[in-house]
Amino acid sequence: MTERESHRRVVRDAFDRAAPGYDAAASVQREVCTRLLTLADAHPPASPALRVLDAGCGTGFALTLLGRRHPAALRIALDFAPSMLARVPFAEPSALRVCADLEELPFPAGAIDVLWSSLSLQWCDADRALREFARVLTPGGKAWIATLAPRTLYELREAFVAVDDDEHVLRFLQPQDWLDAAREAGFRVEYHSREAIPVLAPNLRGIVRHIKGIGANRIDTRARRALTRAQWRTLEAAYEGHRRPDGMLPATYDVLLFALARP
């Protein structure tokens, strides 16, 4: 197994394990979908879409939103975590489940009219996935993408500095890296923005429960030992520096939104 294959397997397994409790923890994911929908409405396709792909659909929250905007389209829910895909609710005959990787989409060139991908692309190789997105879109097709930038969970990263020198929080690409990858894949960038969206909890355990609930704590392939009680107390004390005036602790998601068009 190659290093890339091993990484992709770790990501898939993490989200498979998280699937049963994902919806209860995914408040930020739903908020990002709402914001991405506003962006999609501002940058619609030039003609009615016949095939709509939700690339990295998770448990399918966005499919209902997309169905309201594109009622005549075949909606394709694609995810490479089978347990996530199994929870996508389908009552309509115009929806299809596909278990596949964003880096290797199982569609011919030009098969998709519009593509939606919310908080999935950051777990992929940006160049590989964006080239696949551009390949499967029809000329004139639109892609609406939300992904994560480097200040995601910066509070936790800063607090861990007091514990040890390890890199406990994953780092993500800079906005310019995403823009360069999109243009290199052949997209025209119609719009992009960067927004900070916090998760709030009364204590650090609540923050950690949220991160575990969405599966993001299992994606780093490096082996780690559990924190000792003393290390946990140190982490809690360091995180207190981020407590807000309203008494809540934040965990910030640094979100990038893109509207892309395939010429």
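Guide: Two strands pair if DSSP finds at least two bridges between them. Helices (H or I, at least four residues) and strands (E, at least two) are DSSP runs, numbered from the N terminus. This is a predicted model, in which local features need pLDDT of at least 70, side-chain atom pairs count only at pLDDT 80 or more, and totals for chains, interfaces and linings use all residues. Residues are numbered from 1 along each chain as its sequence is written, and side-chain values use heavy atoms, with hydrogens and water left out.
Visitor: In what order do the seven strands of the open sheet run?
Guide: The order is E3-E2-E1-E4-E5-E7-E6, and the pairing is mixed. Strand E3 (95-99) and strand E6 (188-201) are the edge strands, each pairing on one side only.
Visitor: In what sense do E1 and E4 pair?
Guide: Strand E1 (residues 51-55) pairs with E4 in the parallel sense, over three bridges. Leu-53 stands opposite Leu-115 in E4.
Visitor: On to another topic: where is Leu-119 found?
Guide: Leu-119 is in the loop between strand E4 (112-118) and helix H5 (126-136). Its phi is positive, about 55 degrees, although Leu-119 is not a glycine.
Visitor: Why does Leu-119 count as buried?
Guide: Leu-119 counts as buried because its relative accessibility is 11%. Buried means under 20% relative accessible area, exposed over 50%, and partly exposed in between (1.4 Å probe, protein chains only).
Visitor: And where is His-210?
Guide: His-210 is in helix H8 (residues 204-213). His-210 counts as buried because its relative accessibility is 8%.
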